[in-house]
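Please look through the sequence and the model below before reading on. The text after them walks through the structure step by step.

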Amino acid sequence: MEGEQDLYLGELEMKPPKNAPETDSKAKEITRDGAKEGRQEVSQEELKNAYQSATEDPEKLRKMIPDTIVNMVESTDRLVPQSRRPLLKAIFDKAYPVLATVMCIAIIALLLVTVSWMPPFGSADNPTSNEVAQRYIEQGLEETGAVNIVSGMILDYRAFDTLGESNVLFIATIAVMILMRLDSKEEKEQLSAEEAAYTHENTLEPEHDAILRSVAFLLVPMLLIFGMYIILCGHLGPGGGFSGGAVIGASLILYANAYGFQKMEKLFTAKTYKAISFCALGFYALAKSYSFFTGANELESIISAGTPGRILSAGLILPLNICVGLVVACTMYSFYVLFRKGGY
C-alpha cells in the first residue's frame with residue numbers, strides 16, 4: 001500500500017501500489033455488477049481483488065460510486081478551487097472555536113450588564129410594583145367581565161402575547177412534521193424489505209389488551225367532558241384553554257394507545273389538525289385585531305363584557321379560550337403521532 005495526502009482531510013490516504021497484479025474476469029465482473037445485483041455471495045478475497053483492479057482504472061472505479069455522490073463532489077470542485085481547499089479548511093478549524101468563544105462571552109456580558117441595570121428587590125421602581133398589577137386587580141372584572149383575573153389578563157390585556165404562544169405551538173408542530181414525516185408512496189416502494197417491515201402500519205398497532213381498552217372506554221369520554229368543562233369555565237374559575245386542551249390531548253393519546261391509529265384516523269388525521277389549527281388561529285387573530293383596533297382608536301366595541309359570573313360573559317375571552325384549547329389539544333396529539341410513527 002502507498003500513502004498520499006488527502007486534500008480535504010489533510011491526512012495520509014492509503015492506496016494500492018501502482019504495480020498491483022490484475023485480477024481475473026470474475027472479480028472484474030463483481031466490481032462492475034456487484035453493487036447493482038447485491039444478491040450474490042462474494043468472499044473477502046474476491047472483493048479485495050475487485051477493488052484493486054478498479055482503483056487502477058478510474059472508469060471502473062467511477063461505476064462503483066453512485067451518481068449522486070459524484071455530482072455532489074463535482075459541484076463542490078467547481079465552487080472551491082482545489083488549491084484553496086486545505087487553506088480554507090485550516091482557517092475554518094482555527095477560527096471556529098475562537099469565534100464561538102467570543103460570541104459566548106459577548107452574550108454572557110450582555111446578560112450580566114442587563115441584570116446590573118435591574119432595580120433592587122422590593123424597590124419602588126421595580127416593574128412588579130407599578131400600576132399595571134394594581135389595575136388588573138381593581139378594574140379587571142369591570143373591564144374584561146372575567147371572574148378569573150388570570151384569564152382576563154392573558155386573553156384580554158395580554159392577548160397579543162397569547163396569540164404568539166399559540167402560533168409557536170402551531171409552527172413547532174409543522175416543523176416536526178416536516179422533519180419526521182414518512183416519505184411519499186413512490187419513495188416507500190423503493191425501501192428495502194427491512195425498512196418496509198419496520199414502517200408497516202401493523203407493527204405500530206397495539207396488541208389487543210382487554211384491560212387497557214376497558215379503562216380507556218370509561219376514561220376517554222370523562223376526560224373529554226372534563227377538558228371541555230375546563231375550557232368553557234376558564235373565565236369563571238381556574239382553568240382555560242391551555243389546561244383544558246392538555247386534558248383533551250391526553251384523552252386522544254390514551255384512545256390511540258388503546259385502540260390503535262387506524263381507528264383514531266377515522267376521527268383525527270393530518271387534514272383535521274391543519275383545518276382546526278388554521279380556523280382557530282385565524283379566528284383568534286381576526287377577533288383580537290378588532291379589539292386592538294377599537295382600543296387603540298378609543299372606539300366603543302360592539303362586543304359586550306356581559307354579566308360577570310355567567311357562562312356567556314367576558315366578551316371574547318370564552319371563544320378565545322376555545323381556540324387556544326383546540327390548538328393545544330391538536331398539537332399534543334400531533335407530537336405523539338409524529339414521534340411514534342412519523343406521520344398520520
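The model is predicted. Its protein has 344 residues, and 26% of them are buried. The secondary structure consists of 16 helices and 2 strands.

Charged side chains come next. Side chains of opposite charge can pair when their charged atoms come close. How many salt bridges are there? The count is 2. In one, Glu 143 pairs with Arg 135, and the closest N and O atoms are 2.6 Å apart. Glu 143 is partly exposed because its relative accessibility is 33%, a value between the limits of 20% and 50%. Arg 135, at 40% relative accessibility, is also classed as partly exposed. In the other salt bridge, Asp 161 pairs with Arg 158, with 2.8 Å between the closest N and O atoms. Asp 161 has a relative accessible area of 34% and so counts as partly exposed. For Arg 158 the relative accessible area is 33%, which again means partly exposed.

A pair of aromatic rings is described by the distance of the centres and the angle of the planes. The whole structure contains 9 aromatic pairs. One of them is formed by Phe 160 and Phe 292, whose ring centres are 6.0 Å apart. Why is the pair of Phe 160 and Phe 292 called edge-to-face? The planes of the two rings stand at 65°, and planes over 60 degrees apart count as edge-to-face. This pair links distant parts of the chain, since Phe 160 lies in helix α8 (residues 159-180) and Phe 292 in helix α15 (residues 270-296), 132 residues apart. Phe 160 is exposed, at 60% relative accessibility, whereas Phe 292 is partly exposed, at 33%.

Another aromatic pair joins Phe 335 and Phe 339, with 6.4 Å from centre to centre and 55° between the planes, and it is tilted. Both residues belong to helix α16 (residues 317-341), where they are 4 residues apart, so about one helical turn separates them. An α-helix has 3.6 residues a turn, so residues three or four places apart point the same way. With 24% relative accessibility, Phe 335 is partly exposed, while Phe 339, with 58%, is exposed.

Is α16 mostly covered or mostly open? The helix is mostly covered, with 18 of its 25 residues buried. After α16 comes Gly 342, which has a positive phi, near 90°.

The loop between α15 and α16 contains Ser 313. Ser 313 is buried, because its relative accessible area is 4%, under the 20% limit. Its side chain reaches the backbone oxygen of Arg 310 at 2.5 Å. Leaving aside neighbours within four places in sequence, Ser 313 is in contact with several residues, among them Gly 145, His 235, Leu 236 and Leu 318.

Thr 294 sits in helix α15. With a relative accessible area of 6%, Thr 294 is buried. The side chain of Thr 294 comes to 3.0 Å from the backbone oxygen of Ser 291. If residues up to four places away in sequence are not counted, Thr 294 touches Leu 299 and Ser 301.

The last stop is Ala 216, which is part of helix α12 (residues 210-232). Is Ala 216 buried or exposed? Ala 216 is buried, at 1% relative accessibility. Ala 216 and Ala 256 are 40 residues apart in sequence, and their C-alpha atoms are 9.5 Å apart in space.

Technical notes
Residues are numbered from 1 along each chain as its sequence is written. This is a predicted model: local features need pLDDT of at least 70, side-chain atom pairs count only at pLDDT 80 or more; totals for chains, interfaces and linings use all residues. Side-chain values use heavy atoms; hydrogens and water are left out. Buried means under 20% relative accessible area, exposed over 50%, partly exposed in between (1.4 Å probe, protein chains only). A salt bridge is a side-chain nitrogen of Lys or Arg within 4 Å of a carboxyl oxygen of Asp or Glu. Rings of Phe, Tyr and Trp (its six-membered ring) pair if their centres lie within 6.5 Å; planes under 30 degrees apart count as stacked, over 60 as edge-to-face and the rest as tilted. A polar contact is a pair of N or O atoms within 3.5 Å; within protein, one must be able to donate a hydrogen and the other to accept it, and residues adjacent in sequence count only if both atoms are side-chain atoms. Contact means heavy atoms within 4.5 Å.
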